[in-house]
Every structure is written in C-alpha cells, then in structure tokens.
Amino acid sequence: MPTSAIINVMTQAARYAGRRLARDFGEVEQLQVSVKGPSDFVSAADRRAEEIIHDELAKARPNYGFLMEERGTVEGKDPTHRWIVDPLDGTTNFLHGIPLFCTSIALERNGEIVAGIIYNPVSDELFTAERGQGAHLNEKRIRVATRSSLENCVIATGVPHRGRGNHDIFLSECRAMMSRAAGIRRTGSAALDLAWVAAGRFDGYWERGLAAWDIAAGIIVVREAGGFVSDLDTRKPPLDTGDIVAGNERILNEIRNIANSAAKKES
Ligand code: IPD
Ligand code: CA
Ligand code: CA
C-alpha cells in the first residue's frame with residue numbers, strides 16, 4: 001500500500017528525531033558513571049528531539065498548531081489541525097540506558113485523531129496508522145490479538161511511582177489482574193504499550209493518569225489494528241481523562257470490570 005503524504009511527513013520528522021535520540025542514547029551510557037549523572041543531558045536530548053520534530057512538521061504544514069510535552073500548546077493559523085507530540089516517551093528507560101523508548105506523533109483534525117505514528121529508533125520499528133487505512137508496523141499490516149480469555153493473556157500496565165498516581169487503586173487492580181492473567185508487563189512507555197497491543201504482542205493494556213501526548217498516536221494505531229480503546233471508568237474520551245484501557249473488545253471489557261471494582265473498593 002502506498003504511504004500517504006501525511007504519514008510521510010510524520011515519519012520523516014520521527015526518523016530525524018530518532019537518529020538524534022539514538023546518538024544521544026549512546027552518550028547516556030557513558031554518563032551513567034559520571035558524578036553528575038545523565039539527567040541534565042537527557043532533558044537536553046528530549047528538548048532537542050522536540051525541536052527537530054517541531055521544525056520538520058512546521059516546515060511541511062506551516063499553519064497547523066501543536067500540543068507538545070515540552071512547549072505545551074502552540075496555536076496555529078489553521079484552528080482545525082493540531083499535532084500532538086511526545087518527542088521521547090520512556091524517559092526513565094532512556095535515562096537508565098534501557099533501550100525501550102520512542103517518539104509519538106499524532107495529527108488531530110477537528111478534535112479527532114486522524115493519523116498517528118510511534119517510532120522506536122533502537123529497534124527501528126515504525127508503527128503507523130491513518131483513519132480508515134489500517135495499522136502497520138514497518139509497512140506490514142498489524143492486528144490486535146484475538147485471545148478471548150484473560151487466563152491466556154499478557155496485559156501491560158503503567159506502575160505509579162514516587163509522587164505519581166493512586167498507589168492503593170493500582171495495587172488493588174494489579175492484585176485482581178495477577179490472579180486472572182497469564183502475565184503482566186511494564187515497558188515504561190505508554191506509546192509503545194499501545195503500539196504493542198496493536199501488533200498483538202500484548203493482549204491488553206491499562207493505565208491511569210496519562211497525558212494526551214502519551215496516548216494520542218497509540219489510540220489510532222490500536223483502533224486501526226481492529227482494537228478498542230476507552231476510558232477506564234467513564235464513557236469520556238481517554239484523551240481527555242488520561243485513564244486508558246485497550247485490547248480486543250472482550251479483553252477491554254474484562255480489564256475495565258477489574259479496574260472499576262478495584263477502584264470502587266479503594267474509594
Ligand atoms: C511516561 C511513560 C510511562 C508512563 C508515564 C509517562 P515519559 O512518559 O509513558 O510509560 O507510565 O506515566 O509519563 O515521561 O517517559 O514521556
Ligand atoms: Ca510520555
Ligand atoms: Ca516525554
């Protein structure tokens with residue numbers, strides 16, 4: 001299938017940023033042993049990647065607006081289009097020399113996500129999706145897994161950590177999930193979690209307290225792979241609430257039920 005102009009623009013921006021991130025990632029390993037540690041360097045790498053993406057996208061579509069993790073909202077002359085960008089998703093992995101991180105770019109048109117890409121420069125895996133065109137991994141069509149019983153499923157999640165999220169709700173959700181699923185995984189990148197659900201590597205995924213840039217591209221990649229995405233407790237869009245569950249329809253409902261009763265028990 002020929003790639004569309006918009007996916008080409010997004011891919012080019014992600015590949016340029018990815019090349020730079022991969023080079024900086026090599027440096028991080030050297031800095032692990034230095035007294036100061038790599039954290040200032042990683043913040044600079046994050047900002048540099050965002051700048052590359054911003055400049056590439058602005059060159060190709062000068063009137064579109066942005067929502068970016070570092071810069072926040074940048075209004076465009078065209079109020080109907082907005083890029084939603086996380087230049088580096090999986091920062092903690094990057095900082096610790098763990099090669100599991102990516103760039104995530106989505107395009108929103110009139111409030112709806114119409115295209116998304118997620119690029120892992122270390123594995124050179126590019127996940128792409130455009131509305132109505134299916135989802136692809138390096139140009140090969142991908143689909144969500146069809147397992148229907150949680151006991152055979154590997155489910156990804158995000159673990160709240162120091163200063164983040166409701167630990168009691170998470171522990172209660174996790175306890176219930178542990179006794180039902182074949183395995184639970186934590187990659188440290190919400191965008192990759194969603195991309196891997198789309199590719200059928202994970203059967204499902206849930207996480208609370210995310211930002212729009214963590215999940216905007218992943219949402220369309222999962223949906224175009226035939227999967228379902230929703231908020232955990234309400235019918236509101238997960239992009240607005242930041243609480244998300246994904247999988248095939250059946251597994252999504254199972255995870256949702258587990259999360260709902262765990263949250264009720266803890267409130
Ligand atoms: C984080 C990752 C992680 C999720 C965190 C996010 P960052 O994004 O997506 O998987 O659990 O909540 O903040 O900080 O690496 O861009
Ligand atoms: Ca992120
Ligand atoms: Ca980030």
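At 32% relative accessibility, arginine 15 counts as partly exposed. In this predicted model, the arginine 15 side chain meets that of aspartate 124 in a salt bridge, with 3.0 Å from N to O. The pair links distant parts of the chain: arginine 15 belongs to helix 1 (residues 5-31), while aspartate 124 sits in the loop between strand 5 (112-120) and strand 6 (125-130), 109 residues apart. Aspartate 124 is likewise partly exposed, its relative accessible area being 38%.

Another joins the side chains of aspartate 203 and arginine 147 at 2.6 Å, N to O. Aspartate 203 lies in the loop between helix 5 (190-198) and strand 11 (204-207), and arginine 147 in the loop between strand 8 (140-142) and strand 9 (154-157), so this pair ties together parts 56 residues apart in sequence. Here aspartate 203 is buried, at 4% relative accessibility, whereas arginine 147 is partly exposed at 39%.

A further salt bridge connects arginine 180 with glutamate 254 (2.6 Å, N to O). Salt bridges with shared partners also join Glu173, Arg208, Asp233 and Asp243 into one network.

Turning to the metal ions, the calcium ion (ligand 2) has Asp86 (OD), Asp89 (OD) and Asp214 (OD) as its protein donors, at 2.1 to 2.2 Å. Their spacing in sequence reads D-x2-D-x124-D. Aspartate 86 also bridges this ion and the calcium ion (ligand 3), the two lying 3.7 Å apart. Aspartate 86 is buried, with a relative accessible area of 1%, and aspartate 89 is buried at 6%.

Methods. Residues numbered from 1 in each chain as written. Chains lettered and ligands numbered in written order. Predicted model: local features only at pLDDT ≥ 70, side-chain atom pairs only at ≥ 80, totals over all residues. Heavy atoms only, no water. Donors = N, O, S within 2.8 Å, 3.2 Å for Na, K, Ca; no water. Buried < 20%, exposed > 50% of the residue type's maximum accessible area, 1.4 Å probe, protein only. Salt bridge = Lys/Arg side-chain N within 4 Å of Asp/Glu carboxyl O. Helix = DSSP H or I, 4+ residues; strand = E, 2+ residues; numbered from the N terminus.
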